[in-house]
Amino acid sequence: MPDIIVEGKNKLNGKIKVQGSKNAVLPIIAASILIDGKTVINNCPDLSDVKASMKILEYLGAKCFYKNNCLIIDASNIKGCSIPEKLMREMRSSSLFLGAILSRMEMAVICSPGGCELGPRPIDLHIKALKELGAETKEQNGNISFKLNGGIIGNNIHLSFPSVGATENVIIAAALGNGTTTLNNAAKEPEIVDLANFLNKAGARIKGAGSDRVVIEGVKRLNPIEYSVCFDRIVAATYISAAAICGGDIVLNGVNIGQLSSVVSVYEEAGCLFSAKNKDLRIIAPKKLKSVSTVRSLTYPGFPTDAGPLLISSLTVAKGTSIFVENIFENRFRYIDELKRLGASIKTEGKVAVIEGVSRLCGAKCYATDLRGGAALVVAGLGAEGVTQIGKTCYIKRGYENIVKDLSSLGAKIKEA
């Protein structure tokens, strides 16, 4: 995988369309297993995680075709009920296939999924919920097997934590279930709303997505459909951060500003100006950012944990001291040592990072430690003097369709080599 090389201190200007959402399309791809026929997914980003999902589908017996941000899936001949360890470990979201496979095949076998190592992200909430939907489970040789007797049985389920993945798995599994499932303390992320909209268009009966109480009334079948995925709000946050650190003036096309309100409010405090018209969001950054009061990552609609590294990166050159508290993933701060290679002054203790703005960053060789941490290094490189070379870009490819092309179109001097 080639490195990303950034020559910093170039102001960003122009307009760019934000890609389709990674976190929305992955559960939709998994849910396509429930449709006995063709599913057409438009605005599907060209990501390594999407390719990994296609491999899983093909292993299970589906046919997949991808071209020009359109993914066509024919799940008519799904036969398999297990995902091999090699494919499971390619991405964390592979656990989302569990509910779909179990619902369709009445059996499923998986191992622990892979992905970025951000700390413990057990699927115990998924397992508990599926048990409450009638699944019998067994653990053996590192695998977990699930079995139904007569299909998914609707039930009242309460999540001890509003897990996005567990919420999505329950919605997918219960869509073709017997009876009604009520999910309490559900996650509220926009990507869950997109999943529900997709399933409802196919004939599901799901109400309350986007609130903490989702009701799924099981139906007998889902129909083949064509659907367009929502925009990626974390990619949008990345380009907001890039404009902020460069003193840029850019327009993001195809976004819903309401879904970015927690990010926008923080950057407004840092001195950025925003204006929205239709689906365009304009960001005008000051010559130098101001520090912000304490920011805490929270479940939606709070500040997203995935945007934390991007914010911290841009605040490294702000005037004053900022504080960020990471409440979701305990190992999220691993990328900070790489930011320090560029001259950032950041101290961490437990879940708290204290960012003392410096007068300048200087380009250096650094390595991505995870998806959003890698994007944060790209942002830092844009604001640094000299050349920044970023290695292990395979992490970045998991969530960004073409970050180099996008930033180049806005005037950044960035390339792969």
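Four strands form an open sheet in the order E22-E24-E1-E25, with mixed pairing. Helices (H or I, at least four residues) and strands (E, at least two) are DSSP runs numbered from the N terminus, and two strands pair if DSSP finds at least two bridges between them. Strands E22 (365-367) and E25 (413-416) stand at the edges, each with a single partner strand, so one side of each is left without a neighbour in the sheet. From one strand to the next the twist averages 20°. Strand E1 (residues 4-7) and E25 run antiparallel and are joined by 4 bridges; here Glu7 stands opposite Lys413 of E25. As a general point, strands of a sheet pair through backbone hydrogen bonds, either parallel or antiparallel.

The model is predicted, with local features needing pLDDT of at least 70 and side-chain atom pairs counting only at pLDDT 80 or more, while totals for chains, interfaces and linings use all residues. Residues are numbered from 1 along each chain as its sequence is written, and side-chain values use heavy atoms, with hydrogens and water left out.

Next comes a pair of helices. Helix H6 (residues 164-174) packs against helix H7 (residues 190-201) at an angle of about 10°, and their axes are 10 Å apart. Axes are lines fitted to C-alpha atoms, for helices over the stretch in contact, and angles run from 0 to 180 degrees between N-to-C directions. H6 and H7 are therefore roughly parallel to each other, on a scale where angles under 35 degrees count as roughly parallel, over 145 as roughly antiparallel, 65 to 115 as roughly perpendicular and the rest as oblique. On the H6 side the contact (heavy atoms within 4.5 Å) is made by Val164, Thr167, Glu168, Ile171 and Ile172, and on the H7 side by Glu191, Ile192, Leu195 and Leu199. The residues of this contact divide into 6 nonpolar, 1 polar and 2 charged. In this grouping Ala, Val, Leu, Ile, Met, Phe, Trp, Tyr, Cys and Pro count as nonpolar, Asp, Glu, Lys and Arg as charged, and the others, Gly among them, as polar.

Helix H6 also holds Asn169. Asn169 has a relative accessible area of 1% and is therefore buried; buried means under 20% relative accessible area, exposed over 50% and partly exposed in between (1.4 Å probe, protein chains only). Leaving aside neighbours within four places in sequence, Asn169 is in contact with Ser95, Leu96, Leu98, Gly99 and His126. Although 43 residues separate Asn169 and His126 in sequence, their C-alpha atoms are 6.8 Å apart in space.

Leu60, in helix H2 (residues 48-60), is another buried residue, with a relative accessible area of 2%. Apart from residues up to four places away in sequence, Leu60 touches Ile33, Asn77, Ile78, Lys79, Gly80, Cys81, Ser82 and Ile101.

In helix H9 (residues 261-269), the buried residues include Ser262, Val263, Val264, Val266 and Tyr267. Their cover includes helix H8 (233-246), strands E15 (273-277), E16 (280-284) and E17 (295-296), and helix H10 (308-315). Just after H9, Gly271 takes a positive phi of about 110°.

In the loop between E17 and H10 lies Pro301, and the peptide bond from Tyr300 to Pro301 is cis, with omega near 15°. Asn68 is not a glycine, yet has a positive phi of about 50°. This residue sits in the loop between strand E4 (63-67) and strand E5 (70-74), and Asn68 is exposed, with a relative accessible area of 66%. Glu106, also a residue other than glycine, has a positive phi near 65°. Glu106 belongs to the loop between helix H4 (97-105) and strand E6 (107-111) and is partly exposed, at a relative accessible area of 30%.

Finally, the cysteines. With a disulfide taken as a pair of cysteine sulfur atoms within 2.5 Å, the count comes to 0. Cys246 is in no disulfide, and the nearest cysteine sulfur, that of Cys272, is 11 Å away. Cys246 counts as buried, at 15% relative accessibility, whereas Cys394 is partly exposed, with a relative accessible area of 38%.
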